[in-house]
Amino acid sequence: MNAAQLLPVFVVGLAGSIHCVGMCGGIVTAMSTTTRSTVIPAHAGGHAEYPLRRSMGSRVRGNDVAHVLSYNAGRISSYMLAGALAGGLASGARNMAALAGIQLGFYWLANLMLVALGLYLMNAWRGLAVLEQGGRVLWQRAQPLIAPAMKTLMPADTAPKSYALGALWGWLPCGMVYSVLTTALLSGSAADGAALMLAFGLGTLPMLTGLGMLGARLQQAMQRRQVRIACGLLVLAFGVLGLARAAGGVTPEWMEMLCLTPHP
């Protein structure tokens, strides 16, 4: 998988990262400051609250930057592992009968998920929220096993703790991640699946790093309706283009490079 194929995935991560503001914005903002105790607010999915240090002021120090970057490195590592599992699973299934039909079905599903994500980002259709709710049920059942580890990692006042926290947080139920993981199923191998999710994770990095440095100011700006619509339309366009190609539409070579999914 070359850089040209990964670029559209990076762009989807970049545009879709406005969704990360609500998912991970609170913890990343809190992690960027470290002098007095506070609590990470519970995620909409219902996971437990955990204490985290937070400073009185707004000045960001060098070690705070390291904590934010370590957290994001852990989060992206989880995405890569999930992508490797998805790509490896599909690669192993290539020996199954009727693979062509299965692959075509996943191709349609992957692009439909992108369309759903674009509408979700625009708040035009909340279908992905149903999928996230299913993931939250599993997350809640896993909490008794995860809670001791989370408490051990709090406060996340060192880079290794921040990395481990990010690695756990990367498995939070997220419709945006599920959408791109569907594409990872079509990547062809565990290595390509991991590379695809790395590109996606790097696309979300500017937003979450910015949240760690700028906090509420960036959070408010990214929640504006105009911003959400623009980002949603961009992701929606990727999905519509992929669906047109799946339906047998003729697309120029330069447009083929904009599709996230390999040709069925």
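Gly210 counts as buried, at 14% relative accessibility, where buried means under 20% relative accessible area, exposed over 50% and partly exposed in between, with a 1.4 Å probe and protein chains only. The model is predicted, and local features need pLDDT of at least 70, side-chain atom pairs count only at pLDDT 80 or more, and totals for chains, interfaces and linings use all residues. Residues are numbered from 1 along each chain as its sequence is written, and side-chain values use heavy atoms, with hydrogens and water left out.

The protein contains eleven helices and two strands, which are DSSP runs numbered from the N terminus (helices: H or I, at least four residues; strands: E, at least two). From the N terminus on, the elements run α-α-β-β-α-α-α-α-α-α-α-α-α. Of the 264 residues of the protein, 49% count as buried. In helix 1 (residues 3–16), the 14 residues should span 20 Å at 1.5 Å a residue, and the end C-alpha atoms are 20 Å apart, which agrees; the expected span is 1.5 Å times one less than the number of residues. Buried residues of helix 1 include Leu6, Pro8, Val9, Val12, Gly13, Ala15 and Gly16.

A search of the whole structure finds one aromatic pair. The pair is formed by Tyr79 and Phe200 and is tilted, with 5.6 Å centre to centre and 50° between the planes. Under the criterion applied, rings of Phe, Tyr and Trp (its six-membered ring) pair if their centres lie within 6.5 Å, and planes under 30 degrees apart count as stacked, over 60 as edge-to-face and the rest as tilted. The pair links distant parts of the chain, since Tyr79 lies in helix 3 (residues 62–92) and Phe200 in helix 8 (residues 190–214), 121 residues apart.

Leu81 lies in helix 3 and is partly exposed, with a relative accessible area of 46%. Together with Leu85 and Trp171, Leu81 makes a nonpolar surface patch of about 320 Å². Patches are made of residues with over 30% relative accessible area and no salt bridge, like charges being joined within 9 Å and nonpolar side chains (Val, Leu, Ile, Met, Phe, Trp, Tyr) within 5 Å. The accessible areas come from the Shrake-Rupley method with a 1.4 Å probe, and for residues only the protein chains shown count as cover.

According to the unreviewed UniProt entry, the annotation "transmembrane region" covers residues 6–28, 106–125, 163–181, 193–215 and 227–248; UniProt positions are given in the numbering used here, feature names are shortened, and annotations may be inferred rather than shown by experiment. For residues 163–181, the end C-alpha atoms lie 22 Å apart, and the span is 74% helix and 0% strand. For residues 227–248, the end C-alpha atoms lie 32 Å apart, and the span is 91% helix and 0% strand.

Further C-alpha separations concern helices 4 and 5. Met113 lies in helix 4 (residues 99–121) and is buried, with a relative accessible area of 14%; the C-alpha atoms of Met113 and Val180, 67 residues apart along the chain, are separated by 8.1 Å. Thr152, by contrast, is exposed, with a relative accessible area of 57%, and is found in helix 5. Thr152 and Leu165 are 13 residues apart in sequence and 9.8 Å apart in space, C-alpha to C-alpha.

Most residues other than glycine have a negative phi. Asn123 has a positive phi of about 60° although it is not a glycine. Asn123 lies in the loop between helix 4 and helix 5 (127–153) and counts as partly exposed, at 45% relative accessibility.

Note on methods. A salt bridge is a side-chain nitrogen of Lys or Arg within 4 Å of a carboxyl oxygen of Asp or Glu.
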